[in-house]
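Please look through the model below before reading on. The notes after it are meant for someone who has not seen it before.

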Amino acid sequence: MVLLEGIALGWLLVVLGALLLLVEVYSPGFFATVPATVMIIFGILLLLGMDIFNNGWGIVIGVVVAIAAAAFTVWMYSRITTDESPTTISRDSLVGREGRVVKDVDPDTLSGKVLIGTTEWSAKSTGGKILPGKNVKVIDSQGVHIIVEEVA
């Protein structure tokens, strides 16, 4: 009877581990791979007849295997991920940066467009109209648009 319970629990852990791996595939970054790997290994150990929950050596072996599986999984993650930081731009990080006017910028409307790096922003000027092709500097940001002034 105990053997049947161990087999059922072993299969349950293997199936739950496999489901967590599927969750990771469809939602990367959820970091479900570590517990999934540990569950699968615990399930396999139970299916092989090792009593990892009640036997002193079984507990030690289970903990060592879980730590090794977690360390291996984290190591694999570090090998397959890029070293690049994600590109994030907040409106406050634009202050002080320079760009080029793409569409007329004036102080009265937000219809003006300024290219900063590879991103086009809605812009207003501090003074008069600034024509396309002119270089500008961001001096402030308000909501989702920027305030610019012409750079000589």
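This is a predicted model: local features need pLDDT of at least 70, side-chain atom pairs count only at pLDDT 80 or more; totals for chains, interfaces and linings use all residues.

1. Five strands close into a barrel, in the order β1-β2-β3-β5-β4, with mixed pairing. From one strand to the next, the twist averages 55 degrees.

2. Strand β1, residues 98-103, pairs with β2 in the antiparallel sense, over three bridges. Lys103 is the residue that stands opposite Lys113 of β2.

3. Strand β2 covers residues 112-116 and has two faces. Gly112, Val114 and Ile116 make up the covered face, while Lys113 and Leu115 lie on the uncovered one.

4. β2 also pairs with strand β3, residues 119-125, again in the antiparallel sense, here over five bridges. Gly112 has Ala123 of β3 as its bridge partner. The two strands, β2 and β3, form a hairpin with two residues between them. In that turn, Gly117 has a positive phi of about 65 degrees.

5. On which strand does β3 find a parallel neighbour? β3 and strand β5, residues 145-150, run parallel and are joined by four bridges. Within β5, Val148 stands opposite Ser125.

6. A nonpolar patch on the surface is formed by Leu9, Leu12, Val15, Leu16, Leu19, Leu22, Val25, Tyr26 and Phe53. Together these residues have about 880 Å² of accessible area. One of them, Leu19, is located in helix α1, residues 2-26. Leu19 counts as partly exposed because its relative accessible area is 46%, a value between the 20% and 50% cut-offs.

Methods
Residues are numbered from 1 along each chain as its sequence is written. Side-chain values use heavy atoms; hydrogens and water are left out. Buried means under 20% relative accessible area, exposed over 50%, partly exposed in between (1.4 Å probe, protein chains only). Two strands pair if DSSP finds at least two bridges between them. Patches are made of residues with over 30% relative accessible area and no salt bridge: like charges are joined within 9 Å, nonpolar side chains (Val, Leu, Ile, Met, Phe, Trp, Tyr) within 5 Å. Accessible areas come from the Shrake-Rupley method with a 1.4 Å probe; for residues, only the protein chains shown count as cover. A salt bridge is a side-chain nitrogen of Lys or Arg within 4 Å of a carboxyl oxygen of Asp or Glu. Axes are lines fitted to C-alpha atoms, for helices over the stretch in contact, and angles run from 0 to 180 degrees between N-to-C directions.
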